Amino acid sequence: IYDLHPYIYTEENGSILYTHDGFTFAITESGAKLIDYIGDKEYVIIPETITINNQKITVNDCGQYVFYMVNTLVGYVLPNTITHVDGSLTYNCQKFQYFFFHGTDEEFLAIKNFFGSFPSNRYIYSEEEPTQSGSYWHYVDGVPTVW
């Protein structure tokens, strides 16, 4: 059902869209904007970059309701390359519980316009087990996991 190979296409208005692994990105002058996800993964990791024609493009923006009605979604990882979000990323995701940010608290707070349906207790990435109190996560076998 889902695209297994990258696909690039141009809309009638000239916008360039790139799809891969369930994600759809709009290519802009400043980078790539995640605009949709169609898939059935429990944990989704939004990439920091995508590669089109051997050119790396930074994923720096997310549209509203990217994960609309993804009923298998338990959690997602937002990279620290994101500087703007058009609002809430999740809507009507029945199993959604975990919001993992792959960056610092300061980087998260700098994201413009991000609000909405993520647990108030967000998890911040820490490669090593933290000694201070807080909500942290790391990867275990490629899966985001709470410390």
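Colleague: Which residues have the most contacts inside the largest nonpolar core?

Modeller: This is a predicted model, where local features need pLDDT of at least 70, side-chain atom pairs count only at pLDDT 80 or more, and totals for chains, interfaces and linings use all residues. Residues are numbered from 1 along each chain as its sequence is written, and side-chain values use heavy atoms, with hydrogens and water left out. A nonpolar core is a set of buried Ala, Val, Leu, Ile, Met, Phe, Trp, Tyr and Cys residues joined through side-chain atoms within 4.5 Å, and buried means under 20% relative accessible area, exposed over 50%, partly exposed in between (1.4 Å probe, protein chains only). The largest such core has 31 residues, and those with the most contacts inside it are F67, Y76, L78, L89 and F114.

Colleague: Which elements give two or more residues to this core?

Modeller: Strands are DSSP runs of E with at least two residues, numbered from the N terminus. Those giving two or more residues to the core are β3 (23-27), β4 (32-37), β6 (49-52), β7, β9 (75-79) and β12 (98-102).

Colleague: What does F114 contact, leaving aside its neighbours within four places in sequence?

Modeller: Contact means heavy atoms within 4.5 Å. By that rule, F114 is in contact with Y76, L78, V85, G87, L89, F99 and F108.

Colleague: How many aromatic pairs are there?

Modeller: Rings of Phe, Tyr and Trp (its six-membered ring) pair if their centres lie within 6.5 Å; planes under 30 degrees apart count as stacked, over 60 as edge-to-face and the rest as tilted. The count by this rule is 19.

Colleague: How is the pair of F67 and Y76 arranged?

Modeller: Both F67 and Y76 are buried. Their ring centres are 5.0 Å apart and the planes make an angle of 35°, and the pair is tilted.

Colleague: And why is the pair of Y98 and F100 called stacked?

Modeller: Y98 is partly exposed at 24% relative accessible area, while F100 is buried at 1%. Their centres lie 5.7 Å apart, and their planes are at 20°, so the pair is stacked.

Colleague: Is N60 buried or exposed?

Modeller: N60 sits in strand β7, residues 55-62. Leaving out residues up to four places away in sequence, N60 touches S30, G31, A32, T81, I82, T83 and H84. With a relative accessibility of 12%, N60 counts as buried.

Colleague: Where does Y65 lie?

Modeller: At 34% relative accessibility, Y65 counts as partly exposed. Y65 lies in the loop between β7 and β8 (67-68).

Notes
Helix = DSSP H or I, 4+ residues; strand = E, 2+ residues; numbered from the N terminus.
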